[in-house]
Amino acid sequence: DILFITVALWFVGGAKSPFQSFYLLHLMLASVLLTRRAAVIHALSAYCQFSMLVLGQWFGIIPIRFPAGAVNSPVPLDGRFVLTVLVVQGLIMGLGVYLVSGLSQILRRGEARLERANEELTRLSAMRQGFLQITLHDLRAPVDATVMLVRNLLDGLCGPLTEKQERGIKNIDQSTKLLVEMVLSLIHISE
């Protein structure tokens with residue numbers, strides 16, 4: 001990638017090209033996608049290739065291209081300009097990679113913490129669901145027994161009931177029906 005950018009930069013003016021920022025864009029993306037070490041190595045490679053292009057043009061090893069519209073003037077490179085371009089581009093590349101890779105590391109650590117927290121929440125949710133299912137199962141057995149006993153009393157299997165007893169048992173029957181509905185709803189929600 002960096003070699004392609006270097007060759008493309010040479011075609012549009014090299015050291016005098018306004019397209020030098022494409023190195024920075026490429027390095028920013030690399031800093032987000034790669035580890036900090038790999039991003040720094042990538043930046044060093046980019047800076048070395050850029051430096052070779054600029055110095056090669058300054059020493060006359062690499063011909064300078066002055067495409068119309070891309071480079072302001074066909075004046076040969078000046079040593080001060082070369083030094084300025086190399087220092088500024090080096091600082092921008094280094095600082096850009098340092099900042100973006102640092103932010104990327106912070107985001108990766110945050111993402112890892114979120115994943116761990118999500119795993120813990122999933123584990124706790126599973127525990128809660130298991131506890132709820134056991135509790136509801138244990139609650140349903142006495143409720144079902146109460147319903148059966150109330151039905152037996154109302155059906156007269158335990159002997160005749162007085163009118164007052166029958167009214168009380170019917171109230172218990174209505175309450176246990178509501179309790180059964182609630183337990184069944186909770187069981188349905190817990191699944």
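A residue counts as exposed when its relative accessible area is over 50%. Keep that cut-off in mind for the first stop. The model on screen is predicted.

**Stop 1: Leu44.** Select Leu44, which sits in helix H3, residues 36-58. Its relative accessibility is 51%, so Leu44 counts as exposed.

**Stop 2: the core.** Next, select Tyr23, Leu27, Ala46, Phe50, Val54 and Met93. They have the most contacts inside the largest nonpolar core, a set of 18 residues. Two or more residues of this core come from each of helix H1 (2-11), helix H2 (21-33), H3 and helix H4 (79-154). H3 gives the most, with 6 residues.

**Stop 3: Leu27.** Zoom in on Leu27. Leaving aside residues up to four places away in sequence, Leu27 touches Ile2, His42, Ala43, Ala46, Met93 and Val97.

**Stop 4: H2 against H4.** Show these two helices together. How do the axes of H2 and H4 cross? They come within 8 Å and cross at roughly 25°. Angles under 35 degrees count as roughly parallel, so H2 is roughly parallel to H4. The crossing of H2 over H4 is right-handed.

Now colour the contact. On the H2 side, select Tyr23, Leu24, Leu27, Met28, Ser31, Val32 and Leu33. On the H4 side, select Gln89, Ile92, Met93, Gly96, Val97, Val100, Ser101, Ser104 and Arg108. By type, the contact residues divide into 10 nonpolar, 5 polar and 1 charged.

Key: Residues are numbered from 1 along each chain as its sequence is written. This is a predicted model: local features need pLDDT of at least 70, side-chain atom pairs count only at pLDDT 80 or more; totals for chains, interfaces and linings use all residues. Side-chain values use heavy atoms; hydrogens and water are left out. Helices (H or I, at least four residues) and strands (E, at least two) are DSSP runs, numbered from the N terminus. Buried means under 20% relative accessible area, exposed over 50%, partly exposed in between (1.4 Å probe, protein chains only). A nonpolar core is a set of buried Ala, Val, Leu, Ile, Met, Phe, Trp, Tyr and Cys residues joined through side-chain atoms within 4.5 Å. Contact means heavy atoms within 4.5 Å. Axes are lines fitted to C-alpha atoms, for helices over the stretch in contact, and angles run from 0 to 180 degrees between N-to-C directions. Angles under 35 degrees count as roughly parallel, over 145 as roughly antiparallel, 65 to 115 as roughly perpendicular and the rest as oblique. A crossing is left-handed if the near helix is turned anticlockwise from the far one by less than a right angle, and right-handed if clockwise. Ala, Val, Leu, Ile, Met, Phe, Trp, Tyr, Cys and Pro count as nonpolar, Asp, Glu, Lys and Arg as charged, and the others, Gly among them, as polar.
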